[in-house]
Amino acid sequence: MKKRIVCLVMLLLAFTLSAQTSIATTDNFMAAKVNPAAMGVGNSGGTTFLGTYDEDGFYEDIYSIFFTSDNFAYVLDQYGRNSSHRLAISAPLADLVPNLYIGTSWDWNNKHFKSGKLSESILFRPADFLSIGTVVNDVFNDEKNYDFGIGLRPLFMLGTAVDRLTISADMNYDGEETSKPVVGLQTEILDGIKLGGSYNMENETFGIDFGISFGNFGIGSTVNADTENEFSSGQYYLSASDKAFRTFIGKKKNYFLDYKLKGEILEKNPVQKFGPFKFVMSKGKTLSEIIEEIEKLKEDENVKGLVFKSGNFTARFAQRAELKDAFLDFKSAGKSIVFYYEGITGANYAFAASIADEIYLNPIGTIDLKGISVNMPYFKDLLDTLGVDVVNLKSHDYKTAGNSLTEDHMTDAERETYDALLDDLYDEIVMMIEEGRGDKLTKSVQQLIDEGPYWNANKALELGLIDGVIYEDQLEKEIKDNYQSAKIVKKYHNNLATTDWSKPKEDKVAIIFAIGSIHSGEGLPGKTIGSVTTAKAIKQARENKCIKGIIIRVDSGGGSALASDVIAREVELCKTGKNKKPVIVSMGGVAASGGYYIAAYADKIIAQPSTITGSIGVIGIFPVFERLYEKIHVNWATVKRGEHADLYSTHRQITAEEKKIAEDAIQHFYDRFISIVAEGRNLPKDDVHKIAQGRVWTGKQAFERGLVDALGGMDLAVKEMKKLAALEHEVKLVEYEGEDADKSITIGMKASSLIPEGLKTVWDFGSKMKKLDGENYLMILPVKPEIK
């Protein structure tokens with residue numbers, strides 16, 4: 001009786017994943033020991049302590065510790081003074097056969113690593129109801145043995161609750177004979193409550209395991225006994241998992257999620273390389289991560305809505321448009337969105353107004369709604385004072401990227417360009433506010449913008465800009481009253497463990513991020529576009545037979561003409577070379593000048609109406625420090641062979657002949673630029689010239705002029721790729737960076753975040769020019785408008 005009570009107590013203390021041990025069905029943390037191939041399923045990540053007990057109590061010196069990820073694991077097994085170790089890796093082979101995984105492990109005792117044993121494993125799950133596993137133990141030993149397992153989910157015939165009941169059978173073959181099977185049964189009657197058992201026909205013993213999942217954490221135990229019901233031993237474990245498993249404990253329904261949307265929204269977190277490692281330099285979610293999370297929230301029937309508390313964030317116009325579409329899609333499922341602000345910027349107000357059911361403001365909160373502007377510094381007088389001259393050669397007057405260094409005011413061509421841009425962007429802001437709150441406003445949006453900003457919350461309420469004036473502690477009551485007793489929840493487990501055995505077949509499409517300034521050499525993903533790495537990424541994707549197409553996400557104001565041409569050539573080869581692949585360019589906030597050059601050969605170009613693009617032109621910038629050197633008493637002397645050996649030297653003024661050489665080069669590069677656009681866009685060259693000449697366009701204007709094929713975001717790019725490549729299955733985007741995979745470690749800070757806003761334009765321009773050191777001929781965009 002005492003022994004049975006001990007077993008019962010251990011069962012009642014169990015809280016976590018079920019300790020399944022079949023090589024065909026185990027895909028939790030135990031996969032590292034049972035079948036490493038199963039780690040590739042994605043449920044094994046985390047840290048686990050596994051202890052042992054018997055009728056005399058717990059063993060302090062017999063335990064195991066698991067450190068696991070989805071494809072790598074280290075397991076320490078301690079037996080008194082002796083220890084054994086296991087390193088295990090896994091990899092999916094979906095490119096060859098869907099739902100096929102392989103694994104490898106290396107086991108050694110104490111410090112004898114070199115004399116360890118190698119094992120190989122396979123897991124194949126062709127359907128949601130069938131799983132097959134094989135492990136070859138001690139591969140290089142003549143006495144190696146084999147484990148085989150099969151798992152079935154008989155409820156598949158019912159069409160629902162397929163994963164609630166699993167049966168398994170495992171056998172071992174030692175080269176001479178096959179053991180009798182170990183049959184197992186696993187059930188999950190309620191979410192997170194698992195009860196299982198197994199019977200070993202060979203030695204006539206049975207085991208029982210029981211668990212209750214807490215989501216990402218829990219405790220569990222197993223009990224082993226013989227056929228005489230004699231308790232022999234058991235194991236218990238504490239497991240902290242990377243992914244959340246189903247649970248009925250603390251499960252919330254009908255709630256609003258406190259969604260965090262702050263900081264800068266990036267296309268891709270920039271990285272810094274140190275040797276073989278990459279360090280991610282920004283914290284927060286990327287645009288694609290946010291959109292993916294919103295799609296999951298839309299499908300979660302427990303989430304009634306989202307609430308944003310002081311959710312001021314920075315993003316490009318086009319990025320806000322993609323976010324707006326994602327949140328409106330979320331609302332199409334009958335869900336709601338509420339904003340609460342203590343102070344809100346103009347850009348964030350337009351965004352909130354376009355998607356919110358209600359907007360609340362603190363009693364002394366403000367709405368900084370006052371329009372959109374371009375602010376451009378000019379340094380000619382400063383440089384004159386210092387004795388610095390800058391030669392600014394450009395293909396056309398509208399190519400104004402160097403004007404801040406050579407002018408003391410905004411030129412007519414600049415002003416014309418910015419006026420045209422602001423007209424489109426202003427119209428979009430007005431449209432966003434009108435679509436979301438037009439029926440609540442007491443005045444036109446244009447008049448409200450002209451009368452802004454708003455420092456009086458009650459005045460903003462009277463004008464219909466907001467729906468209430470409250471403190472944050474009153475927000476939950478408002479939501480409960482207005483949305484049928486819904487509560488606000490701060491955390492959401494969006495990284496869920498998979499319960500499906502078989503994943504649907506997917507068509508792989510490469511995604512290549514071209515973010516930042518374009519320059520020669522190697523780039524940093526999410527930060528700069530290097531011609532070597534970006535061209536290599538396109539080439540790798542083109543030559544991979546498993547890749548059906550390529551989407552290039554461009555967010556760049558351009559840079560080096562040479563580097564742009566190198567990348568464009570690789571895009572062209574996707575059309576004309578071997579292993580042809582369709583290419584679609586999805587433009588982000590900016591894809592202008594060199595950013596448009598690398599897009600020109602794509603089969604389709606997609607942009608948001610507010611994307612900044614065009615700027616088809618070339619500039620050459622040459623600084624001259626002759627007067628400065630005179631001021632600081634630095635004398636130069638030159639000895640040369642060759643008439644132009646000291647061409648563009650910084651210590652003397654450029655000659656008329658040298659200027660002519662540079663101007664001819666710029667016209668040559670411009671002619672090549674419009675020729676490539678004409679060829680890529682299938683337009684007459686003269687027509688391209690008319691809309692080029694350095695002019696900057698919004699995505700909407702570019703669409704009207706044939707520079708863009710469609711207006712939309714990444715979702716439209718994926719849909720168009722399915723048509724172009726005739727894809728029959730769901731699209732899986734596979735990122736290519738043009739370099740070997742390595743480690744990424746989040747440290748969460750951007751260097752430029754410490755720069756005062758007033759100097760940001762100077763900093764950005766200086767940083768870009770530093771990266772372009774040695775590049776005389778450039779294709780870059782002058783400046784990007786901001787909402788004020």
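Tutor: Start with Ser615, which sits in the loop between strand 34 (612–614) and strand 35 (619–624). The model is predicted. Ser615 has a relative accessible area of 0%, so the residue is buried. Its backbone deserves attention too. The phi of Ser615 is near 55°, a positive value in a residue other than glycine. For context, most residues other than glycine have a negative phi, and most peptide bonds are trans.

With a relative accessible area of 8%, Asn99 is buried.

Now the peptide bonds. Gly452 and Pro453 are joined by a cis peptide bond, with omega at about 5°. Pro453 is in the loop that runs between helix 9 (445–451) and helix 10 (457–462).

Next, a strand residue with polar partners. Asn137 lies in strand 7 (residues 130–137). Its relative accessible area is 17%; the cut-off for buried is under 20%, so Asn137 counts as buried. Its side chain makes a polar contact of 2.8 Å with the side chain of Asn145. Another polar contact, of 3.0 Å, links the side chains of Asn137 and Asp147. Leaving out residues up to four places away in sequence, Asn137 touches Leu118, Ser119, Lys144, Asn145 and Asp147.

Arg681 is placed in helix 16 (residues 656–681). Its relative accessibility is 11%, so Arg681 counts as buried. Gly706 is 25 residues away along the chain, and the two C-alpha atoms are separated by 7.7 Å. Beyond four places in sequence, Arg681 touches Tyr596, Ala600, Ile605, Gly706, Leu707, Val708 and Asp709.

Gly436 belongs to helix 8 (residues 412–437). At 21% relative accessibility, Gly436 counts as partly exposed. Ser354 is 82 residues away in sequence, yet the C-alpha atoms of Gly436 and Ser354 are 4.1 Å apart. Gly436 touches Ala353 and Ser354, with residues up to four places away in sequence not counted.

Now a helix pair. Helix 3 (residues 287–299) packs against helix 4 (residues 317–331) at an angle of about 10°, and their axes are 9 Å apart. That angle makes the two helices roughly parallel. On the helix 3 side, the contact includes Leu287, Ile290, Ile291, Ile294, Leu297 and Lys298. Helix 4 contributes Gln319, Glu322, Leu323, Ala326, Phe327, Asp329 and Phe330. By class, the contact has nine nonpolar residues, one polar and three charged.

Cysteines are quick to cover. The whole structure holds zero disulfides. Cys574 has 2% relative accessibility, so Cys574 counts as buried. Cys546 counts as partly exposed, at 24%.

Finally, the setting of the whole chain. The protein has 20 helices and 41 strands. Of its 788 residues, 51% are buried. Among contacts between residues at least 6 apart in sequence, 65% join residues at least 24 apart. Ser615, at 0% relative accessible area, is one of the buried residues.

Notes. Residues are numbered from 1 along each chain as its sequence is written. This is a predicted model: local features need pLDDT of at least 70, side-chain atom pairs count only at pLDDT 80 or more; totals for chains, interfaces and linings use all residues. Side-chain values use heavy atoms; hydrogens and water are left out. Axes are lines fitted to C-alpha atoms, for helices over the stretch in contact, and angles run from 0 to 180 degrees between N-to-C directions. Helices (H or I, at least four residues) and strands (E, at least two) are DSSP runs, numbered from the N terminus. Angles under 35 degrees count as roughly parallel, over 145 as roughly antiparallel, 65 to 115 as roughly perpendicular and the rest as oblique. Contact means heavy atoms within 4.5 Å. Ala, Val, Leu, Ile, Met, Phe, Trp, Tyr, Cys and Pro count as nonpolar, Asp, Glu, Lys and Arg as charged, and the others, Gly among them, as polar. A disulfide is a pair of cysteine sulfur atoms within 2.5 Å. Buried means under 20% relative accessible area, exposed over 50%, partly exposed in between (1.4 Å probe, protein chains only). A polar contact is a pair of N or O atoms within 3.5 Å; within protein, one must be able to donate a hydrogen and the other to accept it, and residues adjacent in sequence count only if both atoms are side-chain atoms.
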